[in-house]
Amino acid sequence: MPARPLRLGVVGWGRIGPVHAAAARGCGAWELVAGVFSRDPEVNRRKGAQSRIDPQRIYPDPATMIEGERARADGIDAVAVITPNRSHHEIASAFLDAGVHVVCDKPLATRGEDARDLVERARARGRLLGVTYPWAGFPMLREAREIVAAGAIGPVRQAHVEFLQLPPEGDIGWRDAPDLAGSAGTAADIGTHAFQLTEFVTGLRVESVRAELIRTLPARRLDDTAFVSLRFASGARGTILLTQAAAWNERVVGIRVLGAEGAVSWSQADSEILRVGRPGEPERKVAAAAAMHPRAAAFVATPRGTPDGLAGAWANLYREYAIAVEVLAGRLEPAWLDRIYRVDGEEGARGVAFVEAAVASSADDRFVPVDARV
């Protein structure tokens, strides 16, 4: 843990803001101290008060927040950007330029050039640019990554990911507005999660995609479902199935990686279990922290059999962001970075490149390369 709680600010709030706050506080390394919660002054004041923020540190806009926090001896260490997709680049770049670490919701930007610009700004200024892909915080998915990397299932031949959920209730606002969300709906909203999960667990880079983005809900302007075929640079193949129009109550998130000598599979419905299979052998279920890779077991927060869940996975991301901030500040040895995964801006830029390729592919009905300039 840091010698003192790291100070976090927020820009934006909505439905996911409380999740950021709970994760930051829950991992024990952060405290939420400042923010711009809404452009509406009354809502901004009320949400800030509900989050127990000093009224002096509830700001009307990001520029005022930057100046106000810069003038304080106890100014923020990092900011979480929780706004509509189109505004991510403008807000994140302003804070990076001010020397503030940034944790940004996905997708990192709506254009590949903007995402790459943020990565370069963070590198040039020695600042963290984190992107919240919380499924990478599940211990068993980290264990799957280590098993695949160790060659325990042989070279990867196929990878299949599904992410299915109910339509959002009521008006989904900016998420279905092209001027705010960008060129894709579901492909950006949950597709970036699925794409990151694919590359995270397999350790492979997707070279090109062929996608069909469709609208099955009459009221939607952007896609609510996507069928995506993947070609990896290694020669492996894969699929991603996405929908926000599923007609049942349970969200389904899962991955299956098929190697030449075995397979691993995981489902959020049984998040404490990783299934590992090899030809001619009984299926092995990995569930004990003592048998896990140290980089995965380090993020087991509860006794085995007690699910850490998605809230725990979010907290794991924020714990790693705290470690990265401490290393960049010179308060921890760089070797600490070898103990964490640090889901960062490069993965965020890869997600934006995936969305752009999927949109182009859906328009032309062909495989489109995923921009590799990161």
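Entry 1, helices H9 and H12. I looked up the handedness of the H9 and H12 crossing, and it is right-handed. The model is predicted, and this applies to every entry below. H9 covers residues 191-202 and H12 covers residues 345-364; their axes come within 9 Å and cross at roughly 120°. The range for roughly perpendicular ends at 115 degrees and roughly antiparallel begins over 145, so I put H9 down as oblique to H12. Next I listed the contact residues. From H9 I have Gly 191, Thr 192, Phe 195, Gln 196, Glu 199 and Phe 200. H12 contributes Glu 347, Arg 350, Gly 351, Phe 354 and Val 355. I sorted this contact by residue class and got four nonpolar, four polar and three charged.

I took H3 (residues 62-70) and H4 (residues 88-97) next; the axes come within 10 Å and the crossing angle is roughly 15°. An angle under 35 degrees counts as roughly parallel, which is why I describe H3 as roughly parallel to H4. The crossing of H3 and H4 is right-handed. Pro 62, Met 65 and Ile 66 of H3 meet Ile 91, Ala 94 and Phe 95 of H4. The residues of this contact are six nonpolar, with no polar and no charged.

H1 spans residues 17-26 and H11 spans residues 309-328. I found their axes within 8 Å, crossing at roughly 65°. The H1 and H11 crossing is right-handed. On the H1 side I noted Val 19, His 20, Ala 23 and Ala 24, which meet Trp 314, Ala 315 and Tyr 318 in H11. The class count for H1 with H11 is six nonpolar, one polar and no charged.

I then checked S4 (residues 101-104), which pairs with S5 in the parallel sense over three bridges. In S5, Val 131 stands opposite Cys 104.

I traced a second open sheet in the order S13-S12-S11-S10-S6-S9-S8-S7-S14, and its pairing is mixed. S13 (284-286) and S14 (368-369) each have a single partner strand, so one side of each is left without a neighbour in the sheet. I looked inside this sheet at S7 (residues 206-214) and S8 (residues 225-232), which pair in the antiparallel sense over eight bridges. Ser 208 stands opposite Arg 231 in S8.

Entry 6, aromatic rings. With ring centres required to lie within 6.5 Å, I count six aromatic pairs. I looked up one of them, Trp 135 with Phe 163: the ring centres are 5.1 Å apart and the planes are at 65°, so this pair is edge-to-face. Where do the two residues sit in the chain? Trp 135 is in the loop between S5 and helix H6 (139-149), and Phe 163 is in strand S6 (residues 156-164). They are 28 residues apart, and I noted the pair as a link between distant parts of the chain.

How values were computed: Residues numbered from 1 in each chain as written. Predicted model: local features only at pLDDT ≥ 70, side-chain atom pairs only at ≥ 80, totals over all residues. Heavy atoms only, no water. Pairing = 2+ DSSP bridges. Helix = DSSP H or I, 4+ residues; strand = E, 2+ residues; numbered from the N terminus. Axes fitted to C-alpha atoms, helices over the stretch in contact; angles between N-to-C directions. Parallel < 35°, antiparallel > 145°, perpendicular 65-115°, else oblique. Left-handed = near helix turned anticlockwise from the far one by under 90°. Contact = heavy atoms within 4.5 Å. Nonpolar A, V, L, I, M, F, W, Y, C, P; charged D, E, K, R; others polar. Phe/Tyr/Trp six-rings, centres within 6.5 Å; stacked < 30°, edge-to-face > 60°.
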